[in-house]
Amino acid sequence: MRSTGDLVIRRAAAADRRLVQSLLSQARWRHFHLDWRDPIDLLDREPNLLAFLGDRLVAHLAAPPDPPGAAWLRSFCVDAALTPLSTWRPLWAEAAASCTAHDVLRVASLLSGDWMRPLLTEAGFRETNAVVFFEWRRQPMPEPPPNPATPRRLTSRDLPDVVRVDERAFGLLWRNGVESLAAAMQQSIVATGIEVDGRLVGYQLTTASPFGAHLARLAVDPDHQGRGLATTLVIDLTRRLAARGFDAVTLNTQADNVRSQDLYRRLGFRETGQRYPVFETTLAP
Ligand SMILES: CC(C)(COP(=O)(O)OP(=O)(O)OC[C@H]1O[C@@H](n2cnc3c(N)ncnc32)[C@H](O)[C@@H]1OP(=O)(O)O)[C@@H](O)C(=O)NCCC(=O)NCCS
(Lines give C-alpha, C1' and ligand atoms only; values in the text may rest on other atoms or scores of the structure.)
Protein backbone atom coordinates (compact mmCIF):
# COMPACT_ATOMS: atom_id res chain seq x y z
CA MET A 1 0.00 0.00 0.00
CA ARG A 2 1.33 3.46 -0.88
CA SER A 3 0.06 6.93 -0.07
CA THR A 4 0.57 9.81 -2.52
CA GLY A 5 -1.03 12.99 -1.19
CA ASP A 6 -4.58 12.07 -0.21
CA LEU A 7 -4.61 9.01 -2.46
CA VAL A 8 -3.89 5.56 -1.14
CA ILE A 9 -2.87 3.03 -3.77
CA ARG A 10 -2.90 -0.74 -3.40
CA ARG A 11 -2.98 -3.83 -5.57
CA ALA A 12 -6.39 -5.15 -6.57
CA ALA A 13 -7.42 -8.66 -5.59
CA ALA A 14 -10.20 -11.01 -6.68
CA ALA A 15 -12.10 -10.06 -3.49
CA ASP A 16 -12.40 -6.46 -4.79
CA ARG A 17 -14.67 -7.61 -7.62
CA ARG A 18 -17.91 -5.88 -6.57
CA LEU A 19 -16.17 -2.67 -5.60
CA VAL A 20 -14.30 -2.46 -8.89
CA GLN A 21 -17.36 -3.49 -10.91
CA SER A 22 -19.23 -0.54 -9.48
CA LEU A 23 -16.42 1.90 -10.36
CA LEU A 24 -16.02 0.49 -13.90
CA SER A 25 -19.72 0.91 -14.63
CA GLN A 26 -20.08 4.41 -13.16
CA ALA A 27 -16.72 6.15 -13.55
CA ARG A 28 -16.73 9.56 -15.22
CA TRP A 29 -13.54 8.75 -17.16
CA ARG A 30 -13.37 5.29 -18.68
CA HIS A 31 -10.86 3.57 -20.89
CA PHE A 32 -11.15 -0.10 -21.84
CA HIS A 33 -9.11 -2.07 -24.34
CA LEU A 34 -10.84 -3.87 -27.25
CA ASP A 35 -10.67 -7.12 -25.38
CA TRP A 36 -11.80 -10.71 -25.23
CA ARG A 37 -11.73 -10.72 -21.50
CA ASP A 38 -13.59 -8.48 -19.07
CA PRO A 39 -11.12 -6.48 -16.93
CA ILE A 40 -13.11 -7.59 -13.89
CA ASP A 41 -11.90 -11.15 -14.54
CA LEU A 42 -8.25 -10.06 -14.48
CA LEU A 43 -8.11 -8.50 -11.01
CA ASP A 44 -5.45 -10.93 -9.80
CA ARG A 45 -3.13 -10.08 -12.74
CA GLU A 46 -0.49 -7.45 -12.07
CA PRO A 47 -0.21 -4.55 -12.57
CA ASN A 48 -3.77 -4.08 -11.37
CA LEU A 49 -4.08 -1.11 -9.05
CA LEU A 50 -6.75 0.64 -7.05
CA ALA A 51 -6.64 4.25 -5.77
CA PHE A 52 -8.69 5.23 -2.71
CA LEU A 53 -9.67 8.60 -1.32
CA GLY A 54 -10.46 7.75 2.28
CA ASP A 55 -12.45 4.52 1.97
CA ARG A 56 -13.85 5.43 -1.45
CA LEU A 57 -12.45 3.70 -4.55
CA VAL A 58 -11.75 6.49 -7.06
CA ALA A 59 -9.58 4.92 -9.78
CA HIS A 60 -8.53 1.61 -11.33
CA LEU A 61 -5.61 0.90 -13.66
CA ALA A 62 -4.88 -2.52 -15.17
CA ALA A 63 -2.17 -3.42 -17.67
CA PRO A 64 -1.37 -7.12 -17.17
CA PRO A 65 0.97 -8.57 -19.81
CA ASP A 66 -0.58 -10.52 -22.70
CA PRO A 67 1.36 -12.02 -24.38
CA PRO A 68 4.40 -12.21 -22.07
CA GLY A 69 6.72 -9.23 -22.68
CA ALA A 70 4.03 -6.79 -23.81
CA ALA A 71 1.10 -5.12 -22.10
CA TRP A 72 -1.87 -3.03 -23.17
CA LEU A 73 -3.61 -0.57 -20.91
CA ARG A 74 -6.77 -2.64 -20.37
CA SER A 75 -8.59 -0.44 -17.90
CA PHE A 76 -8.12 3.09 -16.64
CA CYS A 77 -11.21 4.45 -14.90
CA VAL A 78 -11.52 7.52 -12.71
CA ASP A 79 -14.40 8.71 -10.55
CA ALA A 80 -15.84 12.20 -11.23
CA ALA A 81 -14.40 13.40 -7.90
CA LEU A 82 -10.89 13.53 -9.39
CA THR A 83 -9.15 14.59 -12.58
CA PRO A 84 -7.72 11.78 -14.72
CA LEU A 85 -4.20 13.28 -14.49
CA SER A 86 -4.12 13.42 -10.68
CA THR A 87 -4.76 9.66 -10.44
CA TRP A 88 -2.90 8.66 -13.61
CA ARG A 89 0.47 9.97 -12.39
CA PRO A 90 0.79 7.84 -9.22
CA LEU A 91 -1.00 4.83 -10.72
CA TRP A 92 1.09 4.78 -13.89
CA ALA A 93 4.34 5.22 -11.89
CA GLU A 94 3.42 2.12 -9.87
CA ALA A 95 2.22 0.20 -12.94
CA ALA A 96 5.38 1.00 -14.94
CA ALA A 97 7.56 -0.22 -12.05
CA SER A 98 5.55 -3.46 -11.92
CA CYS A 99 5.90 -3.90 -15.70
CA THR A 100 9.68 -3.55 -15.62
CA ALA A 101 9.86 -5.91 -12.63
CA HIS A 102 8.05 -8.49 -14.80
CA ASP A 103 10.27 -7.84 -17.86
CA VAL A 104 7.44 -6.14 -19.72
CA LEU A 105 9.14 -3.32 -21.58
CA ARG A 106 6.60 -2.56 -24.31
CA VAL A 107 3.35 -1.02 -23.18
CA ALA A 108 0.64 0.27 -25.50
CA SER A 109 -2.75 1.86 -25.24
CA LEU A 110 -5.64 2.68 -27.50
CA LEU A 111 -6.87 6.25 -27.23
CA SER A 112 -10.47 5.97 -26.02
CA GLY A 113 -10.93 9.73 -26.00
CA ASP A 114 -8.96 12.95 -26.27
CA TRP A 115 -8.85 13.19 -22.47
CA MET A 116 -6.22 10.42 -22.54
CA ARG A 117 -3.82 12.13 -24.92
CA PRO A 118 -2.07 14.42 -22.37
CA LEU A 119 -1.78 11.57 -19.87
CA LEU A 120 -0.12 9.20 -22.31
CA THR A 121 2.11 11.89 -23.81
CA GLU A 122 3.33 13.03 -20.38
CA ALA A 123 4.19 9.42 -19.53
CA GLY A 124 6.37 9.11 -22.65
CA PHE A 125 3.90 7.27 -24.90
CA ARG A 126 4.04 8.21 -28.60
CA GLU A 127 1.37 7.74 -31.24
CA THR A 128 2.68 4.92 -33.44
CA ASN A 129 -0.31 3.41 -35.21
CA ALA A 130 -4.11 3.19 -35.23
CA VAL A 131 -6.78 0.54 -35.20
CA VAL A 132 -8.96 1.07 -38.28
CA PHE A 133 -12.40 -0.41 -38.92
CA PHE A 134 -13.82 -2.04 -42.06
CA GLU A 135 -17.24 -3.43 -42.94
CA TRP A 136 -18.71 -5.69 -45.61
CA ARG A 137 -22.38 -5.57 -46.58
CA ARG A 138 -22.94 -8.28 -49.14
CA GLN A 139 -20.61 -6.67 -51.67
CA PRO A 140 -19.88 -9.29 -54.35
CA MET A 141 -17.13 -11.74 -53.42
CA PRO A 142 -14.68 -13.16 -55.98
CA GLU A 143 -14.50 -16.92 -56.48
CA PRO A 144 -12.05 -18.51 -54.02
CA PRO A 145 -8.56 -19.04 -55.47
CA PRO A 146 -7.91 -22.55 -56.80
CA ASN A 147 -6.10 -24.22 -53.93
CA PRO A 148 -6.53 -27.67 -52.48
CA ALA A 149 -7.22 -26.64 -48.90
CA THR A 150 -10.79 -26.39 -47.62
CA PRO A 151 -11.48 -24.57 -44.35
CA ARG A 152 -12.78 -26.74 -41.53
CA ARG A 153 -14.39 -25.90 -38.21
CA LEU A 154 -12.03 -25.52 -35.26
CA THR A 155 -12.59 -27.14 -31.88
CA SER A 156 -10.94 -26.46 -28.52
CA ARG A 157 -8.39 -29.19 -29.38
CA ASP A 158 -7.02 -26.83 -32.05
CA LEU A 159 -6.12 -24.15 -29.48
CA PRO A 160 -2.35 -24.96 -29.31
CA ASP A 161 -2.13 -24.77 -33.13
CA VAL A 162 -4.10 -21.52 -33.21
CA VAL A 163 -1.67 -20.08 -30.63
CA ARG A 164 1.31 -21.23 -32.74
CA VAL A 165 -0.05 -19.63 -35.94
CA ASP A 166 -0.95 -16.41 -34.08
CA GLU A 167 2.51 -16.17 -32.53
CA ARG A 168 4.23 -16.64 -35.88
CA ALA A 169 1.93 -14.31 -37.83
CA PHE A 170 1.71 -11.28 -35.51
CA GLY A 171 4.37 -8.97 -34.09
CA LEU A 172 4.72 -8.94 -30.29
CA LEU A 173 2.19 -6.20 -29.49
CA TRP A 174 -0.54 -7.64 -31.67
CA ARG A 175 -0.24 -11.25 -30.61
CA ASN A 176 -2.82 -12.80 -28.31
CA GLY A 177 -1.77 -15.11 -25.51
CA VAL A 178 -3.29 -18.53 -24.97
CA GLU A 179 -5.95 -17.33 -22.52
CA SER A 180 -7.16 -14.57 -24.83
CA LEU A 181 -7.30 -16.93 -27.79
CA ALA A 182 -9.18 -19.52 -25.70
CA ALA A 183 -11.71 -16.82 -24.76
CA ALA A 184 -11.91 -15.71 -28.41
CA MET A 185 -12.58 -19.28 -29.56
CA GLN A 186 -15.28 -19.72 -26.91
CA GLN A 187 -17.00 -16.51 -28.02
CA SER A 188 -16.82 -17.34 -31.73
CA ILE A 189 -19.89 -18.13 -33.79
CA VAL A 190 -17.69 -19.29 -36.69
CA ALA A 191 -14.16 -20.55 -35.98
CA THR A 192 -12.45 -22.12 -38.97
CA GLY A 193 -8.94 -23.15 -39.89
CA ILE A 194 -7.09 -24.29 -42.96
CA GLU A 195 -4.51 -27.07 -43.12
CA VAL A 196 -1.58 -27.85 -45.39
CA ASP A 197 -0.17 -31.40 -45.17
CA GLY A 198 -2.31 -32.05 -42.09
CA ARG A 199 -0.99 -29.05 -40.17
CA LEU A 200 -3.05 -25.98 -39.26
CA VAL A 201 -1.49 -22.98 -41.01
CA GLY A 202 -4.30 -20.39 -40.95
CA TYR A 203 -7.38 -19.58 -38.94
CA GLN A 204 -10.14 -17.04 -38.46
CA LEU A 205 -12.42 -16.36 -35.48
CA THR A 206 -15.71 -14.52 -35.93
CA THR A 207 -18.03 -13.36 -33.15
CA ALA A 208 -21.56 -11.96 -33.19
CA SER A 209 -21.83 -8.20 -32.69
CA PRO A 210 -24.80 -5.81 -32.41
CA PHE A 211 -24.08 -4.89 -36.05
CA GLY A 212 -23.89 -8.41 -37.45
CA ALA A 213 -20.80 -10.57 -37.42
CA HIS A 214 -17.32 -9.41 -36.44
CA LEU A 215 -14.25 -11.04 -37.99
CA ALA A 216 -12.18 -10.76 -34.85
CA ARG A 217 -9.01 -12.62 -35.78
CA LEU A 218 -7.41 -13.78 -39.02
CA ALA A 219 -3.87 -15.10 -39.41
CA VAL A 220 -1.85 -17.24 -41.79
CA ASP A 221 1.55 -18.72 -40.95
CA PRO A 222 4.23 -16.61 -42.73
CA ASP A 223 5.56 -19.73 -44.51
CA HIS A 224 2.17 -20.11 -46.21
CA GLN A 225 1.20 -16.52 -46.94
CA GLY A 226 0.58 -15.18 -50.46
CA ARG A 227 -1.09 -18.42 -51.61
CA GLY A 228 -4.69 -17.35 -51.21
CA LEU A 229 -5.31 -19.08 -47.86
CA ALA A 230 -6.69 -15.96 -46.09
CA THR A 231 -8.78 -15.18 -49.17
CA THR A 232 -10.21 -18.70 -49.01
CA LEU A 233 -10.91 -18.42 -45.27
CA VAL A 234 -12.77 -15.10 -45.64
CA ILE A 235 -14.84 -16.17 -48.68
CA ASP A 236 -15.77 -19.40 -46.90
CA LEU A 237 -16.64 -17.38 -43.79
CA THR A 238 -19.06 -15.11 -45.64
CA ARG A 239 -20.80 -18.18 -47.12
CA ARG A 240 -21.15 -19.77 -43.68
CA LEU A 241 -22.45 -16.49 -42.26
CA ALA A 242 -24.93 -16.00 -45.12
CA ALA A 243 -26.31 -19.49 -44.41
CA ARG A 244 -26.98 -18.31 -40.85
CA GLY A 245 -28.67 -15.08 -41.92
CA PHE A 246 -25.82 -12.63 -41.33
CA ASP A 247 -25.46 -10.06 -44.09
CA ALA A 248 -22.84 -7.73 -42.59
CA VAL A 249 -19.32 -8.31 -41.30
CA THR A 250 -17.17 -5.80 -39.44
CA LEU A 251 -13.49 -6.10 -38.62
CA ASN A 252 -10.56 -4.00 -37.52
CA THR A 253 -6.89 -4.07 -38.37
CA GLN A 254 -3.84 -1.88 -37.93
CA ALA A 255 -3.43 1.28 -40.01
CA ASP A 256 0.09 0.15 -41.02
CA ASN A 257 -1.03 -3.39 -41.93
CA VAL A 258 -1.25 -2.69 -45.67
CA ARG A 259 -1.24 -6.38 -46.57
CA SER A 260 -4.40 -7.13 -44.61
CA GLN A 261 -6.11 -3.97 -45.85
CA ASP A 262 -5.38 -4.90 -49.48
CA LEU A 263 -6.87 -8.31 -48.83
CA TYR A 264 -10.02 -6.90 -47.21
CA ARG A 265 -10.53 -4.26 -49.95
CA ARG A 266 -10.10 -6.88 -52.66
CA LEU A 267 -12.89 -8.86 -50.97
CA GLY A 268 -15.27 -5.88 -50.92
CA PHE A 269 -14.72 -4.57 -47.39
CA ARG A 270 -14.85 -0.77 -47.05
CA GLU A 271 -13.19 1.39 -44.42
CA THR A 272 -15.79 2.93 -42.09
CA GLY A 273 -13.70 5.92 -40.96
CA GLN A 274 -13.83 4.81 -37.31
CA ARG A 275 -10.33 4.56 -35.84
CA TYR A 276 -8.58 4.42 -32.48
CA PRO A 277 -5.06 5.89 -32.30
CA VAL A 278 -2.47 3.54 -30.76
CA PHE A 279 0.09 4.92 -28.32
CA GLU A 280 3.19 3.02 -27.30
CA THR A 281 6.12 3.33 -24.94
CA THR A 282 9.25 1.31 -24.26
CA LEU A 283 10.21 1.17 -20.59
CA ALA A 284 13.82 1.27 -19.45
CA PRO A 285 14.88 -2.13 -18.00
C1 LIG B 1 -3.04 -10.64 -43.77
C2 LIG B 1 -2.87 -12.14 -43.93
C3 LIG B 1 -3.94 -12.86 -43.09
C4 LIG B 1 -3.03 -12.49 -45.40
O5 LIG B 1 -2.90 -13.92 -45.53
P6 LIG B 1 -2.51 -14.59 -46.93
O7 LIG B 1 -2.90 -16.02 -46.85
O8 LIG B 1 -1.12 -14.27 -47.27
O9 LIG B 1 -3.50 -13.81 -47.92
P10 LIG B 1 -3.82 -14.23 -49.43
O11 LIG B 1 -2.74 -15.10 -49.97
O12 LIG B 1 -5.20 -14.74 -49.49
O13 LIG B 1 -3.76 -12.84 -50.14
C14 LIG B 1 -2.57 -12.10 -49.97
C15 LIG B 1 -1.87 -11.97 -51.29
O16 LIG B 1 -1.67 -13.20 -51.95
C17 LIG B 1 -2.18 -13.09 -53.29
N18 LIG B 1 -2.79 -14.36 -53.66
C19 LIG B 1 -4.06 -14.69 -53.52
N20 LIG B 1 -4.26 -15.91 -54.02
C21 LIG B 1 -3.06 -16.37 -54.44
C22 LIG B 1 -2.60 -17.59 -55.01
N23 LIG B 1 -3.46 -18.61 -55.29
N24 LIG B 1 -1.28 -17.73 -55.25
C25 LIG B 1 -0.42 -16.71 -54.99
N26 LIG B 1 -0.81 -15.54 -54.46
C27 LIG B 1 -2.11 -15.38 -54.18
C28 LIG B 1 -3.21 -12.05 -53.19
O29 LIG B 1 -3.42 -11.44 -54.45
C30 LIG B 1 -2.60 -11.12 -52.25
O31 LIG B 1 -1.66 -10.34 -52.93
P32 LIG B 1 -1.15 -8.96 -52.37
O33 LIG B 1 0.08 -9.31 -51.58
O34 LIG B 1 -0.85 -8.20 -53.61
O35 LIG B 1 -2.25 -8.40 -51.53
C36 LIG B 1 -1.46 -12.61 -43.49
O37 LIG B 1 -0.50 -11.81 -44.14
C38 LIG B 1 -1.23 -12.56 -41.98
O39 LIG B 1 -1.52 -13.52 -41.25
N40 LIG B 1 -0.69 -11.42 -41.52
C41 LIG B 1 -0.42 -11.23 -40.08
C42 LIG B 1 -1.68 -11.20 -39.28
C43 LIG B 1 -2.66 -10.17 -39.80
O44 LIG B 1 -2.27 -9.12 -40.26
N45 LIG B 1 -3.98 -10.50 -39.71
C46 LIG B 1 -5.03 -9.67 -40.25
C47 LIG B 1 -5.19 -8.33 -39.65
S48 LIG B 1 -5.64 -8.32 -37.95
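Which backbone atom of Ala-230 lies 3.0 Å from an oxygen atom of the ligand? An N or O atom of the Ala-230 backbone is at that distance. The legends below describe a predicted model, in which local features need pLDDT of at least 70, side-chain atom pairs count only at pLDDT 80 or more, and totals for chains, interfaces and linings use all residues. Residues are numbered from 1 along each chain as its sequence is written, and side-chain values use heavy atoms, with hydrogens and water left out.

View 1. The ligand taken alone exposes 920 Å², of which the protein buries 74% (Shrake-Rupley method, 1.4 Å probe; for residues, only the protein chains shown count as cover).

**View 2. The shell of residues around the ligand.** Two or more residues each come from β13 (212–220), α6, β14 (249–254) and α7 (258–266). These elements are DSSP runs numbered from the N terminus: helices are H or I with at least four residues, strands E with at least two. The most residues, six, come from α7. Of the 22 residues around the ligand, those that come nearest are Leu-218, Gly-226, Gly-228, Thr-231 and Asn-257; a residue is near if one of its heavy atoms lies within 4 Å. By type, the shell holds 10 nonpolar, eight polar and four charged residues (Ala, Val, Leu, Ile, Met, Phe, Trp, Tyr, Cys and Pro are nonpolar, Asp, Glu, Lys and Arg charged, and the others, Gly among them, polar).

**View 3. Thr-231 in helix α6.** Helix α6 spans residues 229–243. Thr-231 counts as buried because its relative accessibility is 8%; buried means under 20% relative accessible area, exposed over 50%, and partly exposed in between, with a 1.4 Å probe and protein chains only. Apart from neighbours within four places in sequence, Thr-231 is in contact (heavy atoms within 4.5 Å) with Pro-145, Leu-263, Arg-266 and Leu-267.

**View 4. Aromatic pairs of tryptophans.** The whole structure has 10 aromatic pairs. Rings of Phe, Tyr and Trp (its six-membered ring) pair if their centres lie within 6.5 Å; planes under 30 degrees apart are stacked, over 60 edge-to-face and the rest tilted. The Trp-29 and Trp-115 pair is tilted, because the ring centres are 5.6 Å apart and the planes are at 50°. Trp-29 is in strand β3 (residues 29–32) and Trp-115 in the loop between β8 (106–110) and α3 (117–122), so the pair ties together parts 86 residues apart in sequence. Both residues, Trp-29 and Trp-115, are buried. Trp-88 and Trp-92 are stacked, at 5.5 Å centre to centre and 5° between planes. Both lie in helix α2 (residues 84–101), four residues apart, about one turn of the helix.

Key
Polar contact = N/O pair within 3.5 Å; in protein donor to acceptor, adjacent residues only side chain to side chain.
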